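Dear colleague,

Please find the structure below, followed by an account of what was found in it.

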Amino acid sequence: MISFLLRRLLSSLPVAFLVLAICFLLVRLAPGSPFTSERALDPATRHMLETKYGLNGSLPEQLLHYFSNVLQGDLGESLKFRGRTVVEIIQQSLPRSLLLGSISFILALGFGIPLGAFAAARHGRTTDQWLNGLALLTLSIPTFVLAPVAVLCLSFGIPILPPAGWGTPIQLILPALCLALPFVGVCARLTRSGLLETINTDFVRTARAKGVSEQSLIFLHALRPALLPLVAYAGPLAASILTGSLVIEEIFAIPGVGQFFVSGVINRDVFLVSGVVLIYCLLLLLFNLIADWLTAILDPRIRIQS
Amino acid sequence: MTFRRGIPGLTGLILACSLLSACQTRPRADLVICNGAEPQTLDPALVSGQLEGRLCSALYEGLTRRDSRGRSVPGIAEKWEVSPDGKTYTFHLRPNLHWSNGDPFTSEDFRYSWLRALNPKTASPYAEILFGISGAKEFQSGKSNAESVRIETPDPLTLRVHLDHPTPYFPSLTSFTTYLPVHQATVEKYGDRWTQPKTWVGNGTYRLIDWKINDRVSLEKNPQYHNPERVRLSRIDALAVSRASTAFNLYSSGQADLLLDKGLIPALILPHLRGRPDFHPGPLLATYFYRFNVTRPPFQDVRVRRAFALALDKESIVDKITRGNEPIAQTLTPRGISDYRPPEGLPSDPSTAQGLLKLAGYPEGHGFPRVSLLYNKSELNEQIAVEIQAQWKRVLGVEVELRNQEWATYLRSLDELDFDIARSSWVGDYDDPNTFLDCFVTSRGNNRTGWSDPTYDSLLNRALAEPNPTQRLRLLAEAETILITQAFPIIPIYHFVGCLMFDPKKWDGLYPNLLDEHPFSEIGRVQK
């Protein structure tokens with residue numbers, strides 16, 4: 001298992017560098033400069049800044065310069081937030097996104113799986129139809145609609161939760177719920193369909209014939225293999241949910257890392273964008289790896305093959 | 001079994017780590033302000049935005065400062081004299097001044113800071129505002145050295161500045177962000193990172209105690225400030241919130257006490273706020289306008305530009321779209337600049353506009369080439385562009401294509417004159433028409449129209465050299481007349497309105513003013 005993990009990790013590194021290179025080049029190729037503003041900048045000053053940040057040579061030269069810095073652990077400085085290194089920005093904002101994201105992730109799984117299992121157990125009945133409809137509803141309401149409505153209801157209608165801000169646990173509740181809700185729906189649907197498929201397999205039929213109760217049939221026997229599609233989905237989900245959501249962060253004024261994916265591109269802040277994309281990419285690789293590992297644990301057939 | 005222990009273990013670990021690092025509760029500051037987006041820097045030499053300028057004016061104090069009504073009042077300088085030719089200013093600093101770390105403050109600190117802002121290596125985006133000082137421009141462009149910049153410090157409490165031209169507004173200019181002093185030893189020791197809370201040193205009413213990215217800047221009363229009794233609140237938090245609805249929610253729920261920017265109030269609810277006691281609108285020194293690219297047809301022809309300008313119904317734009325009681329703009333410079341009387345602009349005149357277009361060879365718009373209107377992507381810009389597009393179609397019969405670009409691309413298009421008509425706005429840096437009119441001098445970086453008129457240039461140059469203030473303003477008005485009634489490289493559309501939101505029963509020391517200056521030190525709780 002360890003050699004498998006190591007092999008996977010090593011083979012992921014070139015992917016990370018490829019992503020980094022593409023990201024760097026795309027931002028540099030986009031029209032406009034990180035140093036312009038509505039007030040014109042004289043060419044000498046712009047040249048001075050480009051030299052300072054190593055952005056004055058040809059594109060391959062710039063990329064090489066950047067990569068040599070990255071290999072030494074230096075992700076560069078933000079071009080917009082002067083005097084701040086990309087590492088410092090990520091260090092400050094990533095833990096906040098991680099905190100919010102992990103709460104939402106737990107909520108998504110914690111509610112999604114039992115609801116899905118429950119619906120599968122009640123397959124074809126009214127409860128199943130209701131739950132199915134609800135799941136569909138949660139995943140089809142976009143966050144930018146859900147979040148303001150939630151604020152309106154829970155901060156102004158019945159003022160029990162703060163509408164935005166960061167610093168106290170109570171401020172986490174609304175954003176975590178809004179971030180989690182669509183994924184609750186997805187998790188529930190994946191669990192339900194996985195379960196329905198497993199319920200019709202031979203080993204479940206055997207267990208049922210042996211007289212195992214319907215409840216323990218689902219939760220003890222069928223659920224484990226039924227979670228496989230969910231695990232495959234949860235890997236990338238974890239990476240994206242943990243690196244923050246632009247919409248949720250903006251609406252709830254959460255100082256996380258999510259907004260830099262967009263503002264960094266708008267500002268042509270090439271090092272910042274590349275830095276956050278690198279983090280996202282590494283998280284994605286890591287969680288896919290964890291998902292694969294969990295799949296092997298959940299499915300004995302895969303374990304035997306590997 | 002591994003599975004059952006694995007997931008809770010992993011998530012628990014992540015949660016615990018994040019909880020520890022991310023969730024620290026802190027007591028609420030005396031005043032919480034929504035200040036707009038995350039500040040890009042707090043180094044006065046590098047600041048180019050208003051929200052950073054606001055924080056800098058609390059962290060540093062210049063020779064003069066602005067009071068809560070936007071008036072220029074003595075700051076670090078107690079008094080000053082001007083030579084008879086109006087070109088040499090001698091500032092006398094207050095005695096016993098100190099930096100926030102206790103170091104003595106001297107006139108040499110100003111000399112160092114101004115030369116630093118001018119140094120090409122600093123790459124200050126606003127260095128231009130120091131160009132009035134003799135030798136400054138040459139030093140900044142690398143043609144001479146720092147010694148040739150004529151700033152003298154005869155003694156630690158005296159600063160003498162020689163200017164190229166008589167500049168009556170120079171003392172008030174020294175309150176501008178780029179002119180604020182920085183602490184030499186700190187800047188030299190920590191380089192670009194000196195503005196971090198741990199290393200920061202300043203001389204303003206407040207000192208920097210915390211700065212969390214995208215979260216807040218926390219300020220605390222500076223005990224070393226020369227007049228600490230003047231500062232009314234001991235702790236202020238400036239939140240970084242750029243989304244209007246979020247800022248407004250924070251304000252409405254009492255998490256923030258003050259909204260400092262119209263951009264932080266959702267446009268949709270603006271009309272409903274009028275009449276509310278906590279809504280405080282006021283005119284601003286800023287103008288929304290359209291530029292023509294005069295280097296290519298059809299806008300090479302002044303008659304076409306004039307026709308386009310006269311065809312506009314600006315009233316309907318402020319009534320239907322901006323809805324903040326903005327005054328329509330017939331001139332580039334907003335009204336209210338002390339002693340300046342801007343020329344009368346030209347009112348809307350559809351029939352003359354149609355006639356002019358006919359004279360230019362496009363009767364009722366026939367044969368008019370397809371032109372485009374460039375704007376940066378924002379709801380407001382788009383609505384205005386759509387309305388103006390419809391007006392030109394209706395009055396002149398011309399088709400104007402809308403071209404929307406995101407910010408950086410739009411700026412590049414402006415710089416490269418890659419447009420026909422483009423949306424623009426300009427915020428004045430100081431209360432003098434020069435801050436607007438200087439943009440359109442030939443080959444200025446901010447000209448961005450390709451327009452050049454020797455008469456206009458010479459009027460601005462004469463105004464620069466003119467010692468008589470009345471005569472000087474008259475020359476500037478004459479120049480503006482050319483700009484907006486004869487040459488039309490631009491169409492002024494409306495002047496911005498600033499809006500403050502605060503509860504007047506709780507807070508005072510805040511007054512809407514033309515320069516949108518609201519010094520934190522003068523804000524305080526209403527005494528009951």
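In this structure, 47 residues of chain A are in contact with 49 residues of chain B, where contact requires that the C-beta atoms of two residues, placed from the backbone, lie within 7 Å. The model is a predicted one, in which local features need pLDDT of at least 70 and side-chain atom pairs count only at pLDDT 80 or more, while totals for chains, interfaces and linings use all residues. Residues are numbered from 1 along each chain as its sequence is written, and chains are lettered from A and ligands numbered from 1 in the order in which they are written.

On the side of chain A that touches chain B, helix 4 of chain A supplies the largest share, nine residues. That side comprises 26 nonpolar, 14 polar and seven charged residues; Ala, Val, Leu, Ile, Met, Phe, Trp, Tyr, Cys and Pro count as nonpolar, Asp, Glu, Lys and Arg as charged, and the others, Gly among them, as polar.

Chain A itself has 14 helices and zero strands; helices (H or I, at least four residues) and strands (E, at least two) are DSSP runs, numbered from the N terminus. Its C-alpha trace spans about 85 × 55 × 30 Å along the principal axes.

Chain B contains an open sheet of four strands in the order 4-5-7-6, with antiparallel pairing; two strands pair if DSSP finds at least two bridges between them. Strand 4 (77-82) and strand 6 (151-155) of chain B are at the edges with a single partner strand each, so one side of each has no neighbour in the sheet. Strand 5 and strand 7 of chain B are joined over five bridges, and Tyr89(B) has Val161(B) as its bridge partner.

Yours sincerely
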